[in-house]
Amino acid sequence: DAKGIDLAGKLPFKADVKVHALKPIQATGTATIETSSVETMAAIIGIVAPGHIDGLRLAGGKSDAELKFSLASTTKFAFNASLNNIDSIVYNASPEIKKFSAQLAMTGQMADGSVSADIVITNAALAIPSRKIDMNKVAIKLQAKSTPSKLSLTGSASVPRFDFDLPVSSTNRSSYLFPFLDVSTSFSYSDNVFTINSAQAKLFGGSLSGSGKVFTGKTPVQLQVNAKGSDLRAESFLDSNTTQKQVITGPAGGTFNAEGDIETLSSWNGTGSLHMQNGRYNTPPVVTPFLSLVNLKEYSSGDISEASATFVIRQGIMTTSDMMFLSSAGRADYRGDVGLDTSLKGNLEIRFAPVAVAKSRVLQQISLDGKTASIPSRVEGTLLAPVFPGFKPEKLLELGLKRQGQKLLIDILKPRSKDPASAEPTPATKKTDPAKDLLKDLGNIFKRRRK
């Protein structure tokens with residue numbers, strides 16, 4: 001091959017070759033490539049596996065290598081290389097890899113234009129600045145098969161830690177950070193698709209497992225993810241991604257089955273679920289205004305006995321019809337959208353438990369049975385700064401009047417007791433108007449303070 005001969009002539013190349021005069025000819029030898037540019041190393045790999053790394057671009061850095069081989073009907077080889085501080089690696093549309101270093105050991109054989117090899121990569125380090133990824137001590141084991149028309153890989157990898165950062169959208173550059181620990185995975189590669197057969201990692205104090213695919217031939221690179229998490233600490237997620245670490249604390253689990261690109265969360269579509277038991281809440285902005293209105297600030301913090309939701313994801317927006325939080329104060333139900341940018345657009349209903357109703361005169365006035373009460377409202381804005389369109393003190397007063405009217409109607413339609421004992425005269429009592437009592441109570445609560 002003229003290209004190969006010309007390349008070897010330019011290398012700081014030392015070779016020791018022994019040729020045996022046999023038919024077919026046989027030879028053994030050792031070739032040492034002293035420190036040279038990584039571009040030269042890429043050219044050598046391109047000769048070994050022609051046509052399969054055309055989308056690979058390397059720049060900067062140094063490499064040195066040693067090749068041992070035996071040439072017969074089947075060529076066997078052992079190749080060891082040291083790659084140091086490669087400035088840039090780009091493969092097709094994948095994000096640029098910077099500051100790459102690794103030790104490479106490869107053993108295999110070549111015959112009739114095909115190559116099969118076992119590859120071990122150790123002590124690898126790299127950075128992907130666009131994703132705020134910085135990895136060290138990466139270990140990878142590969143089995144590679146290459147023919148003139150196809151390259152396939154199977155293997156496994158382990159990473160002590162890497163942080164994955166994903167922006168919300170092209171216009172909203174705020175992002176979510178996922179700090180993965182003790183990552184291990186098995187995978188395969190063929191036809192520009194990496195298939196993650198299984199993966200395990202620690203995340204937010206809990207564990208994560210799953211599978212997926214990476215479509216490297218698409219622009220931008222596409223991902224398909226099937227994941228299941230357990231014992232993920234809510235406060236750890238909030239600490240990494242918000243300014244309010246203690247709004248919700250406790251272990252959470254869930255599933256996430258979706259696909260999208262690596263550029264933004266707004267490209268994602270799929271389904272998921274969340275559940276929590278034995279957690280706590282601390283003055284969450286979504287419910288605190290309601291607790292203030294009904295004089296129940298003592299419930300602004302408390303235990304979450306259970307929380308759950310299932311949702312559909314469309315273009316980065318989660319839509320749920322069954323989000324629920326259960327605590328000692330009662331139950332909160334949400335129906336609507338929750339954006340991955342924390343935006344809200346839906347309907348919230350808070351149903352207060354008897355223990356809470358007993359401590360609030362306002363709730364007692366709007367309760368139909370004197371034991372439970374509910375307040376519905378539209379909610380928009382964001383999780384940390386919600387707004388309640390159309391919900392004002394007057395709406396609560398209107399709700400109270402409506403409930404009082406319903407109770408009066410029930411009293412009229414409900415048959416009176418025919419117990420003879422009830423016919424005895426009772427002492428005269430002062431008549432009261434429930435509607436006026438409610439107006440008076442709510443008026444005291446919502447009365448403007450004088451300046």
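Modeller: With the naming of elements: helices and strands are DSSP runs, numbered from the N terminus, and a strand needs at least two residues. The model before us is a predicted one, and in it Asp-333 belongs to strand 20, which spans residues 330–339.

Colleague: Is Asp-333 buried or exposed?

Modeller: A residue counts as buried under 20% relative accessible area; Asp-333, with a relative accessible area of 4%, is therefore buried. Its side chain makes a polar contact of 2.9 Å with the side chain of Arg-331, and, once neighbours within four places in sequence are set aside, Asp-333 is in contact with residues including Met-323, Met-324, Asn-347 and Leu-348.

Colleague: Which residues have the most contacts inside the largest nonpolar core?

Modeller: The general idea is that in soluble globular proteins nonpolar side chains tend to be buried together. Here the largest nonpolar core has 82 residues, and those with the most contacts inside it are Leu-348, Phe-352 and Leu-363. Strand 8, residues 114–128, gives the largest share of this core, namely 7 residues. If residues up to four places away in sequence are not counted, Phe-352 touches, among others, Leu-291, Val-294, Leu-296, Val-357, Leu-363 and Ile-375.

Colleague: How should I read a helix, and which residues of helix 3 are buried?

Modeller: An α-helix has 3.6 residues a turn, so residues three or four places apart point the same way. In helix 3, residues 234–241, the buried residues are Ala-234, Glu-235, Leu-238 and Asn-241. Because they cover an arc of only 145 degrees around the axis, they are on the same side of helix 3. The buried residues of helix 3 pack against strand 11 (175–190), strand 14 (222–233), strand 15 (248–249) and strand 17 (269–282).

Colleague: Turning to the backbone, which residues does a cis peptide bond join?

Modeller: The cis peptide bond joins Thr-219 and Pro-220, with omega at about -10 degrees, and Pro-220 lies in the loop between strand 13 (206–215) and strand 14.

Colleague: And where is Asn-123, which has a positive phi although it is not a glycine?

Modeller: Asn-123 is placed in strand 8, and its phi is about 50 degrees. Exposed means over 50% relative accessible area, so Asn-123, at 54% relative accessibility, counts as exposed. Asp-231, also a residue other than glycine, has a positive phi near 55 degrees, and Asp-231 is found in strand 14.

Definitions and conventions:
Residues numbered from 1 in each chain as written. Predicted model: local features only at pLDDT ≥ 70, side-chain atom pairs only at ≥ 80, totals over all residues. Heavy atoms only, no water. Helix = DSSP H or I, 4+ residues; strand = E, 2+ residues; numbered from the N terminus. Buried < 20%, exposed > 50% of the residue type's maximum accessible area, 1.4 Å probe, protein only. Polar contact = N/O pair within 3.5 Å; in protein donor to acceptor, adjacent residues only side chain to side chain. Contact = heavy atoms within 4.5 Å. Arc of directions from axis to C-beta. Core = buried A, V, L, I, M, F, W, Y, C linked by side-chain atoms within 4.5 Å.
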